[in-house]
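Hi,

Could you open it in your viewer and follow along as you read?

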Amino acid sequence: MKIKIDIDPQHEDTAVITIQANEWTAEVEAVVRHLKELEKLDTAPKRLVASDGERSIILQPHDIDFVYSANRKVFAQTVEGTYELKLKLYELEEFLGNYGFIRFSKSVIGNLDLIDRFELSFNGNLCVFFKSGNKEYVTRSYVHHLRNQLVEGGGSRDK
C-alpha cells in the first residue's frame, strides 16, 4: 500500500480522503473502518454525566471499570463507587466502544484497558479482575470475543 499526502494552503478547510485500489480488499475495508471510527470520535461527547443520589458527576470513560444494568437501571462502576447513568446499555456500548469497552454479558460492558487478571470459573465463565479491585464475570458466549480483542489489540486505542 502506498500513502500519498498533499498538504497545501490552497486546499479547502475540510479534508478529503481518496482511496484508489483495483479491488475491494480487507486492507481497504480496515482503512475505511478506521477512518469512520476516527470520525465518530471527533463528533462524540467525551464524558458521561452520572448521578450519585442528589449529585451529578462527570465521568471520564477511562475511569470506568464496567457498566452494567440492574433493575431496569444502568450503573457505572469506578474506583470511587457506583453511579447511575441515564443512557441505555446499548447506547453506552456504542459510545464506549471507542474507548476500549466490549460486551461481557447481556447486562455488562467492560473496559479492556483496566483489566488486571482473569480467573476461569467452574461453569465456563471468566472472572475479570480490574486494577481497582472490582470484579465482574464474562459469560461463556462472550469469552471468545474478549479473547480475540485482547490478542488482536484494541485497534486505534493502542498507542
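Let me start with N71, which is exposed because its relative accessible area is 74% (exposed means over 50%, buried under 20%, partly exposed in between, with a 1.4 Å probe and protein chains only). This is a predicted model, so local features need pLDDT of at least 70 and side-chain atom pairs count only at pLDDT 80 or more, while totals for chains, interfaces and linings use all residues. Residues are numbered from 1 along each chain as its sequence is written, and side-chain values use heavy atoms, leaving out hydrogens and water.

Back to that loop. N71 sits between strand 3 and strand 4 (helices, H or I with at least four residues, and strands, E with at least two, are DSSP runs numbered from the N terminus). N71 is not a glycine, yet its phi is positive, about 55°. R72 is in the loop between strand 3 and strand 4 as well, and has a positive phi of about 65° without being a glycine. With a relative accessible area of 87%, R72 is exposed too.

Which residues have the most contacts inside the largest nonpolar core? They are L48, L59, I64, V67, L85, L92 and L96, in a core of 16 residues (a nonpolar core joins buried Ala, Val, Leu, Ile, Met, Phe, Trp, Tyr and Cys residues through side-chain atoms within 4.5 Å). At least two residues of this core come from each of strand 1 (48–52), strand 2 (55–59), strand 3 (64–70), strand 4 (73–78), strand 5 (82–85) and helix 2 (89–96). Helix 2 gives the largest share, four residues. Another core lies apart from it, with twelve residues that include F104, V108, I115 and F130.

Setting aside neighbours within four places in sequence, L92 is in contact with L48, V67, V74, L85, L87, G97 and I109 (contact means heavy atoms within 4.5 Å).

On to the aromatics. Five aromatic pairs turn up (rings of Phe, Tyr and Trp, the last by its six-membered ring, pair if their centres lie within 6.5 Å; planes under 30 degrees apart are stacked, over 60 edge-to-face, and the rest tilted). F66 and Y68 have ring centres 5.8 Å apart and planes at 45°, so this pair is tilted. F66 itself is buried, with a relative accessible area of 4%. For F104 and F130 the centres are 6.4 Å apart and the planes at 15°, so this pair is stacked. It links distant parts of the chain, since F104 is in strand 6 and F130 in strand 9 (residues 126–130), 26 residues apart. F104 and F130 are both buried, and together with F66, Y68 and F75 they form one aromatic cluster.

Next, the charges. How many salt bridges does a search of the whole structure find? The search finds five (a side-chain nitrogen of Lys or Arg within 4 Å of a carboxyl oxygen of Asp or Glu). One of them joins E93 to R103, with the closest N and O atoms 2.7 Å apart. As E93 lies in helix 2 and R103 in strand 6 (residues 101–105), this pair ties together parts that are ten residues apart in sequence. E93 is partly exposed at 28% relative accessibility, whereas R103 is buried at 14%.

E84 pairs with K86, the closest N and O atoms being 3.9 Å apart. E84 is partly exposed at 21% and K86 is exposed at 65%. S51, in strand 1, touches both of them along with S56 and Y83, not counting residues up to four places away in sequence. S51 counts as buried at 17% relative accessibility. A further salt bridge joins R117 and D116, at 3.7 Å from N to O; R117 is partly exposed at 40%, as is D116 at 47%.

Last, the surface. M1, I3, I5 and I7 make a nonpolar patch of about 580 Å² (patch residues have over 30% relative accessible area and no salt bridge; like charges are joined within 9 Å, and nonpolar side chains, that is Val, Leu, Ile, Met, Phe, Trp and Tyr, within 5 Å; areas come from the Shrake-Rupley method with a 1.4 Å probe, and for residues only the protein chains shown count as cover). I3 belongs to the segment before helix 1 (26–43) and is exposed, with a relative accessible area of 67%.

Enjoy looking around,
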